[in-house]
Amino acid sequence: MTFTLAMTPPRLIDEIEEAISVATGGFDTIVAESLEVGPGLAGNRMPLAIKYMPARYASGYRGNNSGLRISNTLGFTWGTGVYVTPLRDPLSTALYGRAGIVARFDPRGWRIFDARDGRNRSLYRNWLENQPTLAAALLTVHSNFFLHDLRNFFREAFRIDCVLFHPDEIDRLGWYTTPADCWMAVADWNGAYLAEGNSTQFTDARLTVIVEEEFEADVPALTRSPYFALSGTGPPSAGLAGRIKTAYAMGTFERVGS
Amino acid sequence: MSAFRLAAPLIDLAIDDELYALDLDQSIEDDEALRSRLVIDDVPSTEFPYLRPSAWLWYSFWRQRHGGPLPFSLLDYLEKAATSEPYRYRLRLLVLRDRSIQSLDAVDRRDRPSDAERWLRRHINRAVEGPLDPFELQRHLLQIASVASIDALQVLLTTAGQHVATLRTEFLQWFDAIGVDPAQLGSWVEQLSRPPDDDRR
């Protein structure tokens, strides 16, 4: 007997399943805009994603590496997963580190929950209402612990491979991240549960983008500010995704000025 | 020198910073002996002072993720330190998702209980007889919603003595509010109210 879905009203299950079905189709556009320039080793063009990290941790991505790491600390919006952006939004998470790691991914068969859509966010809130630990999540000082696990349980209950969401953290000047960008929280699976460790959803991860600017979380950490802002404006974004794709294909680097 | 005395500062940093967690992962990939001491071996009680109980709980999940067995010497220590609900909840999650419990069916778990199963039985008893709260345990078991947690719920609902009727009422009200089909709900209650040993008949 399993109660994983039993705690969800049947009609809500149908609505969430419908949302997943629709979102999976809507993701195609993002995938098409993020395709690599030439066929990979498997002979087909794969979409690319990018993850930024501090330079200290990026040097290992110049050669063979064990792939992107699954984030599991409490601060991540949709729980445990690999947090990336499609290459369509190439600088959107540069506020988290100067080194952009580009990797291929294969979204065929993914079940996607599009939390950019307010109706879907409402579905998640409706699902929350029936969870046994919701009161503890809302009424105690330990909210973040319970909410983190509830997001994970939701994704496990509906076997959601990828949550799409708009940025919930933006650089103070708005030069790198825009509210309309798409961020992705991607799941790896260990049986019925979300896996941790290194992701198998992303392959051929390679250091490809080096950003001159560096950001620090402000106090309180409601924004992130750049240290330099040398040019007095944001980096030129026109054609950047294409140049990064080319650099990835050529095994070179794309440098982004401050 | 103690492996945990050496690793404790990095474990403390890794709890809140995934990049330090990467360093911790790397440390056991580079050193097989260290991996054995941190991931495979049980944790001697002499090591307990090197970390706070909440850090030991984080470490136990980390160790589980790296394929290690539950550190049984730690579980009772962690339970005694569990003075907050999220702490108790995560301790239960740790045990109920452990592969030593998941890999067996309910009958096997009762006939050949693993260390985790025996700890879980003691834990349920402490909810039935005190000092743990059986209603909180029921909520956590429902939230975790694994096969093992529902089996544990069955044990709770059939051994909770003076609390049995109230626990069942709360269970019924919970699912009734969700709108579960009454026939389905009746079947669950009937199953969960049957003493676990009856499942073998």
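Author: In the second largest cavity, the largest share of the lining, three residues, comes from α10(B). A cavity here is a set of points on a 1 Å grid over the protein atoms alone where a 1.4 Å probe fits but cannot get out, with lining residues having an atom within 4 Å of a point. This is a predicted model, in which local features need pLDDT of at least 70 and side-chain atom pairs count only at pLDDT 80 or more, while totals for chains, interfaces and linings use all residues. Residues are numbered from 1 along each chain as its sequence is written, chains are lettered from A in the order in which they are written, and side-chain values use heavy atoms, without hydrogens and water.

Reader: Which residues line the second largest cavity?

Author: The lining consists of Pro132(A), together with Gln138(B), Arg139(B), Leu142(B), Glu170(B) and Trp174(B).

Reader: And what is the volume of the second largest cavity?

Author: The volume of the second largest cavity is about 40 Å³, counted as the space filled by probe spheres set on the points, which are joined across faces, edges and corners.

Reader: Switching topic, how many residues does each chain bring to the contact?

Author: Chain B gives 38 residues and chain A gives 34, where contact means heavy atoms within 4.5 Å.

Reader: How much area do the two chains bury between them?

Author: Chain B and chain A bury about 3,200 Å², with 62% of it on carbon and sulfur atoms; this is the accessible area (1.4 Å probe) lost on being put together, summed over both. Glu18(B), Arg97(B) and Gln143(B) supply 22% of the area that chain B buries against chain A, more than any other three residues.

Note on methods: 1 Å grid on protein atoms, 1.4 Å probe; cavity = no way out; pocket = protein on both sides within 12 Å on 5 of 7 lines; lining within 4 Å. Helix = DSSP H or I, 4+ residues; strand = E, 2+ residues; numbered from the N terminus.
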